[in-house]
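User: I would like to go through the strand pairings and helix packing of this model. Please keep the answers plain.

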Amino acid sequence: MGKGQELYKLAKTMIPGGTSLLSKRPEQLLPENWPAYYSKSKGCRVWDLDGREYIDCGLMGVGTNTLGYANDEVDEAVMKVIRDGNMTTLNCPEEVYLAERLLAMNPWAGGVRYTRGGGEANSMCVRIARAFTGKDKIAICGYHGWHDWYVSVNLGENDALAGHLLPGIPTGGVPKGLRGTSIPFHYNDFDELLQIANANPDLAAVKMEVCRNFGPEDNFLQKVRDLCTERGIVLIFDECTSGFRETFGGLYKKYGINPDMTIYSKTMANGYALSAVLGRKDIMDAAQGSWISSTFWTERIGPTAALAALDVMEKTKSWEYITELGKQNKIRWQALADKYGLKINQWGIPALAGYTFDSPKALEYKTYITQEMLKKGYIAGTLMYTSIAHTPEIIDGYFEALDPIFARIRDFEDGMDVMKELEGPVCQSGFKRLN
């Protein structure tokens, strides 16, 4: 057992769940054999506590590091802030400089507020939309964090129904009085959303991811935009994950549909904690009539990192590189599957793409891939969040390592017992999204 697993066993005695993010739990990846912790990182390489080096062809910091780990330009800007002081009684000017930059990129918007986590940014949006409209209910599509307003969507009419709508998201601790205040609808199902709007005149906002696993059909986004405009409903596009992946800004720009509010988070500061809520000026001004305030939303590292990261993105056109790389990954995953007669279902926008085996043993195969790729020096499962640090040579090496693993999965499909090849338990599955 490596030092990482030893430390994780200790962590679970003190930290409920072992770590604060579901996606980083070893049980989600390679139970009992995941290195769990890192000592340093650079580019797309990560070193564990035993000094072993891996190439990260997986989550890349759960989607936060499109410019690669420890990007020199971003880190140099942050180090200067650390030397000059990160937090004082006075405000940091970088939050104003960043607001100017973000509003110039989004001319429909007239105000910006900051948080550090994406979940709290989503909650801020909901609070402001409710304050602006004087209404309470929210129609949601996609994943929007851990706060009560969102998780309440899983509060069924009785306990037996709890968890039915978003499997895997539990509702313990969420007040049952919130039942019915957040109403889910499915992506591309405009009639479902229209029925919600007709049945709930107190709808404050429609909150949705622009897209995640597939794009809009039958003019879906425009229909949503028109409905919100006609009914005075605030349209919020959650770009926490999708921002700066396919355009220099939000995915909404690709489809030409402006929201009333939007959120940037994961990619904006390349691994440093910062989220931004943007909105129309009249909507954002409603924040003055509510209580939305937190000390560490004013620290200096976040906006400084974001300003530097935006410069690097603009210089490298990172969104173009990671999108093209993701498209090629999809082609090569399918080619491998075809080579060995395997059926896979691909999902995600190119820079956040992955695949699932069309097999009852899909989780076993995912665990096996993670196990065998780790032995070959790769942090990799059945997805890849691309970065500009993923060079063509690195990607070629990744697919060369993956090829014989797909060949063995063919053997499993033909009758060989995959469980005899696994060196630990099968990985757990995460929650399922509506989008």
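User: Which residue in β12 does Q346 stand opposite?
Analyst: Q346 stands opposite Y355 in β12. Please note that the model is a predicted one.

User: How many bridges join β11 to β12, and in which sense do the strands run?
Analyst: There are 4 bridges between β11 and β12, the latter covering residues 352-357, and the two strands run antiparallel.

User: What is the order of the strands in that sheet?
Analyst: The order is β11-β12-β14, an open sheet of 3 strands with antiparallel pairing. Its edge strands are β11 (344-347) and β14 (383-385), each of which pairs on one side only. From one strand to the next, the twist averages 10°.

User: Which helix lies across β11, β12 and β14?
Analyst: That is α12, residues 318-339, which runs at about 175° to β11. Helix α14, residues 392-413, also packs on the sheet, where it touches β12 and β14. The direction of α14 makes about 15° with that of β12.

User: How do the axes of α12 and α14 cross?
Analyst: They come within 11 Å and cross at roughly 20°. Angles under 35 degrees count as roughly parallel, and α12 and α14 are therefore roughly parallel to each other. Their crossing is right-handed.

User: Which residues of α12 and α14 meet?
Analyst: From α12 the residues are Y321, L325, N329, R332, W333, L336, A337 and K339. They meet P392, I395, D396, Y398, F399, L402, D403 and F406 of α14. By class, this contact has 11 nonpolar, 1 polar and 4 charged residues.

User: How many aromatic pairs are found in the whole structure?
Analyst: The search finds 17 aromatic pairs.

User: Changing topic, how do the axes of α4 and α11 cross?
Analyst: The axes of α4 (residues 94-105) and α11 (residues 301-316) come within 8 Å and cross at roughly 35°. The crossing of α4 and α11 is left-handed.

User: And which residues make the contact?
Analyst: On α4 they are E94, E95, Y97, L98, R101 and L102. On α11 they are P303, T304, A306, L307, L310, D311 and E314. Divided by class, the residues of this contact are 7 nonpolar, 1 polar and 5 charged.

User: Back to strands. How many bridges join β1 to β2?
Analyst: β1 (residues 38-42) and β2 (residues 45-48) are joined by 4 bridges and run antiparallel. Within this pairing, S41 stands opposite V46 in β2.

User: What is the turn between β1 and β2 like?
Analyst: The two strands form a hairpin with 2 residues between them, and G43 in the turn has a positive phi of about 65°.

User: Which residue in β3 is the bridge partner of V46?
Analyst: The partner is Y54. β2 pairs with β3 (residues 53-56) in the antiparallel sense over 3 bridges. The hairpin of β2 and β3 has 4 residues between the strands, and G51 takes a positive phi near 85° there.

Terms used. Residues are numbered from 1 along each chain as its sequence is written. This is a predicted model: local features need pLDDT of at least 70, side-chain atom pairs count only at pLDDT 80 or more; totals for chains, interfaces and linings use all residues. Side-chain values use heavy atoms; hydrogens and water are left out. Two strands pair if DSSP finds at least two bridges between them. Axes are lines fitted to C-alpha atoms, for helices over the stretch in contact, and angles run from 0 to 180 degrees between N-to-C directions. Contact means heavy atoms within 4.5 Å. Angles under 35 degrees count as roughly parallel, over 145 as roughly antiparallel, 65 to 115 as roughly perpendicular and the rest as oblique. A crossing is left-handed if the near helix is turned anticlockwise from the far one by less than a right angle, and right-handed if clockwise. Ala, Val, Leu, Ile, Met, Phe, Trp, Tyr, Cys and Pro count as nonpolar, Asp, Glu, Lys and Arg as charged, and the others, Gly among them, as polar. Rings of Phe, Tyr and Trp (its six-membered ring) pair if their centres lie within 6.5 Å; planes under 30 degrees apart count as stacked, over 60 as edge-to-face and the rest as tilted.
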